[in-house]
Amino acid sequence: MTDRRAELMLGAAAVAVVLIIVAMVVFIAISAWPSFQYNGLKWFGSGGDIDAELGDMVNAGGDPTAADYRVRAWPLIYATALTTVLAVLIGVVVAVLAAIFIVELAPPRVRAIIVPVVRLLAAVPSVVYGLVGILVLVPFVNDHLISENQRESVAYVITLNGPGVLVSVLILTLMITPIMIALTVDALSAVPRGWREGALALGVTRWRAVMSVSIRAIRPAIVAAAVLASARALGEAIMLSMVSGSKGFAPQPWDGVLFLFEPLRPLAATIAEQAEGIQAPALKASIYAMALVLLVSSLMLSVGGSLIKRSLRLGTAR
Amino acid sequence: MSTAPTTGGPRATPPGRRQRLLGELRLWRPLDLLGVVAAWTVGALLLLVAASLLLYMGIKGLQYVSLDLLITRPQPGADQSETGGILDPILGTLMIIAIATAIALPLAVGAALWIVEYSRPRWLARVVESGIEVIAGAPSIAIAIFGLAIFQLPIFSWASFSAADGGGVFGRSFIAAGSVMSLIALPSIFATTREALQSVPRHVREASYGLGKTKWATIRRVLLPTVKPDIATGTALGMGRIAGDTAIIVLLLGATLQLQAGSGIPGVGTLQGTGSTLTSYVYNNSPTGEGNAPEKAYAAAFVLMLLIIGLNLLVAGIGRRRAGTDLPR
């Protein structure tokens, strides 16, 4: 084969990948358009029962009227943001502390076990986490944490039977933290030893040296890990559909402890559950609109992440 | 990486280090002490959670898994003793992995080779790189719903079966799920291949050119053999992601219990047909699904975990062999 042909062939593979991606974004945007057209910016607003709206779309069948396109997706967007932000916040703190433990504190024998285990945990399929969540955590929360009084106090709006904010965030954190730990450990053990020893030589304690030199140096890596984890949390559909309670409800933080048990359902889980009814045009448009929102958010996330990383790098270089 | 730490990390304990550390600790500020305690707590908690999760899955799996379960086909039924085994989901998982890898591998390696060795014009190279970053970050559910729409187009009617009355294309089949799944594996194969190619020093290529080899011959005879272990690593990682993904399977494989051929032609019919994988089997047999058979779900999850652990060991094994045989560059 000639060189010229080889270049064209390899180039074709690269271009094919790009074409698939462009097709994906364009296709989703076009299919989503009717939903945004009928709802405008109110699409993102609250008001109305999202589950009832989606149900009406299925009932409207093949020939929906404009009213059938009505979507007020706020509960779903809020649920996505809530679970993602909480899980990532907890995850970052845990990942940094765990990485310090693994790299700086743990005895070598413990470290030899813990690093492969963390990698394994990062590779465990989300459906397995979901299974453990629904068969172990949900019954536990239902039996031991929710009192009858709490159940009755909200019985006219929602049923509390275990799945909800607490279990969702816990399992989601468990799912995304291992990958963050793995990335942070990699970065932390790549910090030149001399930097920390320099700090130690100036009379700083070991902990201070780690916090002020090593952790400072790996801030871009921490941001990268957090971005990756957020993308995973944002798009997690199946596991959250198992443990979230699957109800288009916006849990209210001012409900106190009750908030932790209130059911919810993020965008991704909604798509997974409603995809069955995709033959109904109104529902199809709404589902694609949700997919577009997810896609755009994950895009903004990676762009924002690389901007933060760049500014942090510049900051340390100066 | 899990390789031996070259920098950082506690050194072998010299005698008396513990006493010195304790003495030093007394001088520390309370907040710093709190930090150390927190790090130890998190570390212990991590070990505890990991151990209990893996042990729990292991015990539950061993409790319910049996040879019988592995080699009988699943049957629909209300009674748990009649619902059969998990043969079809296992076959389904393997088929999906095979199809998706077969598509992703040449695309990803080709794209990586082009990026590192040619990448002309520059702007196109940048577009390709950011494009692959987009798929790496895109939620698999969004990719899945895109695939469903694509494979429901009439031009893809050969890939799945259509409604008997000439209505819509079903859009769910092994071909559909496998090809969409290839997008999940693509970024990891691409990233590992590209990094490996970039780490091959220039003089290796120049030596090959100096011997009169063309660029393509250099790629085939020098570069590809050199980066083969890294391609294998990326592929194994990608296979793990494929085996673990549920969203695409639930949307695009139809999630029928048994493999159902789409047409009469043997082999092709199965590819056009629907089925299930271990992940969708677990999902459907969890209390949220239709089956609600936790024992079967645990057994399937256990088999799935074994597969994932196997792929992980493979990655570690490749890495170790590579570290051993690597020539100094």
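Predicted model: local features only at pLDDT ≥ 70, side-chain atom pairs only at ≥ 80, totals over all residues.
Figure 1. Helices (H or I, at least four residues) and strands (E, at least two) are DSSP runs, numbered from the N terminus. Residues are numbered from 1 along each chain as its sequence is written, while chains are lettered from A and ligands numbered from 1 in the order in which they are written. Because 28 other C-beta atoms lie within 10 Å, A:I176 is buried; a residue is buried if 20 or more other C-beta atoms lie within 10 Å of its own, exposed if 12 or fewer, and partly exposed in between, with C-beta atoms placed from the backbone. Leaving out residues up to four places away in sequence, A:I176 touches A:A87, A:V88, A:G91, A:A229, A:R232 and A:A233, where a contact requires that the C-beta atoms of two residues, placed from the backbone, lie within 7 Å. A:I176 and A:G91 are 85 residues apart along the chain, and their C-alpha atoms are separated by 7.1 Å.

**Figure 2. The crossing of helix 3 and helix 7 of chain A.** The axes of helix 3 (residues 74–105) and helix 7 (residues 165–189) of chain A come within 7 Å and cross at roughly 40°; axes are lines fitted to C-alpha atoms, for helices over the stretch in contact, and angles run from 0 to 180 degrees between N-to-C directions. The two helices, helix 3 of chain A and helix 7 of chain A, are therefore oblique to each other, since angles under 35 degrees count as roughly parallel, over 145 as roughly antiparallel, 65 to 115 as roughly perpendicular and the rest as oblique. Helix 3 of chain A passes helix 7 of chain A in a right-handed crossing; a crossing is right-handed if the near helix is turned clockwise from the far one by less than a right angle, and left-handed if anticlockwise. The residues of this contact divide into 19 nonpolar, 7 polar and no charged, where Ala, Val, Leu, Ile, Met, Phe, Trp, Tyr, Cys and Pro count as nonpolar, Asp, Glu, Lys and Arg as charged, and the others, Gly among them, as polar.

Figure 3. Apart from neighbours within four places in sequence, A:M290 is in contact with A:A73, A:L76, A:L267, A:T270 and A:I271.

**Figure 4. The side of chain A that touches chain B.** Here 79 residues of chain A are in contact with 78 residues of chain B, and helix 1 (residues 3–39) of chain A gives the most to the side of chain A, with 16 residues. By class, this side of chain A has 61 nonpolar, 11 polar and 7 charged residues.

**Figure 5. The crossing of helix 5 and helix 7 of chain B.** The axes of helix 5 (residues 122–137) and helix 7 (residues 174–199) of chain B come within 9 Å and cross at roughly 125°, and helix 5 of chain B and helix 7 of chain B are therefore oblique to each other. Their crossing is left-handed. Helix 5 of chain B contributes B:I132, B:I135 and B:A136 to the contact, and helix 7 of chain B contributes B:L183, B:L186, B:P187 and B:F190.
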